[in-house]
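Q: I would like a close look at one chain of this structure, followed from its overall build down to its pairing details and then out to its partner. Please take it step by step, and give the cut-off behind each term as you go.

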Amino acid sequence: MEARVSVIEKRLKSIKRIISVASGKGGVGKSLVASTLALNLVEKGHKVGLLDLDLYGPSSHIILGVKDVFPEEEKGIIPPKIHGIKFMSIVYFTEDKPSAFRGIDITNIIIELLAITQWGALDYLIIDMPPGIGDETLDVIRFIKKSEFLVVTTPSKVVMGAVSKLLKILKELKIPVIGVLENMKMTESPIIEDSIIEMNLPFIGSIFFDENLEDAIGDGDLLLKTKFMEELDNNLKKTNL
Amino acid sequence: MHEWALAESILSTVLEAAEKEKLKTIAEIKIGIGELQQIEQDIFEFALNEIIKSHGKKLKNVKISIETEESTLKCKICEHTWKFSDMKKKLNEDESEAIHFIPEVAFVHTRCPKCGSPDFEITTGRGVSIISIKGKR
């Protein structure tokens, strides 16, 4: 008999809002949006946690410059604080080695992480999701009933093809969608906004491609000063975050 | 003491099952511990007893029995089977501790001893499980 699932709700009980940052495709900036959103909310005085659920290709730890830390063991595991964010990731346990997992193992890892992580009281838990609508997305929907989704896309018809599938399934399952954020915008084009509005879902806004962003990767203080963060912050004002 | 979180999840599941089955008291819980997770049994039992004390009459006189399950692994490529106990000595302390927290990272830190593949499965003895619950309606 599965012995871990029933405690998950208790572990998440003191978290006011859970935001899963997701997309149908990889490489659109989900981890960047998730990490900078967490930094932004901490700056505004909120208690924030960040859970990287991209188990094959975790990257939030690279963005935030997480090094030489490990969770504390206390009636479970307590995530270390990085720039004020309680940060949990599989990298603590994989030493960043290649991680080849099959579906059943992904589910087992997610259940284990959710069952043993002691987040304590948080205003926001941000989940950095892997791309697509595979095991991780289905497991978040299954185990984290109060999760809302913030969906990231780029101004690409190819990306939107996959993103619209994720949006359709979220809509069908009546999962709250905060909105869609268009990242790496290069030209003024209404294509993405129009297609989101056509799906009757909230379009948050766009973030233009920031060519200096790469220099800030790995440094939370520098990330806070980027054009990317300024545009993210302006976009967040259009939401209830 | 990460064993505490696992003990808590076991008892939470037991109480949920008892509620579903309309059990007034729970007489016995049989728990399985998979070798791969390397649970410290003393700490685990201590945590179970401490949590039981705070759970009122339903678990008051419960008998807990714990069975350790040998951990076996099977390669999906060459079908070789082996035991975790055979490979444990090759792991360093950090790798062993990581598997203790998340048993699936065995796929990251170890390989099939015959063909070297990371594509194997845990056939028995992964982690904690509930084998049976006995009680009175």
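A: Read from one end of the sequence to the other, chain B follows the pattern α-β-α-β-β-β-α-α-α-β-β, and its secondary structure comes to five helices and six strands; helices (H or I, at least four residues) and strands (E, at least two) are DSSP runs numbered from the N terminus. This is a predicted model, in which local features need pLDDT of at least 70 and side-chain atom pairs count only at pLDDT 80 or more, while totals for chains, interfaces and linings use all residues. Residues are numbered from 1 along each chain as its sequence is written, and chains are lettered from A and ligands numbered from 1 in the order in which they are written.

Along its principal axes, the C-alpha trace of chain B spans about 55 × 25 × 20 Å. Of the 137 residues of chain B, 38% count as buried, that is, with 20 or more other C-beta atoms within 10 Å of their own, these atoms being placed from the backbone. Among the contacts in chain B with a separation of 6 or more, 81% are made by residues 24 or more positions apart, a contact being two residues whose C-beta atoms, placed from the backbone, lie within 7 Å.

Chain B is divided into two domains, with domain 1 made of residues 3–70 + 125–136 and domain 2 of residues 72–124; the bounds come from an automatic or database domain assignment. The C-alpha centres of domain 1 of chain B and domain 2 of chain B are 27 Å apart. Where the two meet, nine residues of domain 1 of chain B are in contact with eleven residues of domain 2 of chain B. On the side of domain 1 of chain B that touches domain 2 of chain B, there are one nonpolar, four polar and four charged residues, where Ala, Val, Leu, Ile, Met, Phe, Trp, Tyr, Cys and Pro count as nonpolar, Asp, Glu, Lys and Arg as charged, and the others, Gly among them, as polar.

Turning to strand pairing, three strands of chain B form an open sheet in the order 4-3-5, and the pairing is antiparallel; two strands pair if DSSP finds at least two bridges between them. At the edges of this sheet are strand 4 (81–83) and strand 5 (120–124) of chain B, each of which pairs on one side only. Strand 3 (residues 72–75) of chain B is joined to strand 5 of chain B by four bridges, and the two run antiparallel. Within strand 5 of chain B, F120(B) is the residue that C75(B) stands opposite.

In helix 6 (residues 135–143) of chain A, the buried residues include D135(A), E136(A), T137(A) and V140(A). The buried residues of helix 6 of chain A pack against helix 5 of chain A, and also against strand 1 (15–22), strand 7 (122–128) and strand 8 (147–153) of chain A.

Key. Buried ≥ 20, exposed ≤ 12 C-beta atoms within 10 Å, placed from the backbone.
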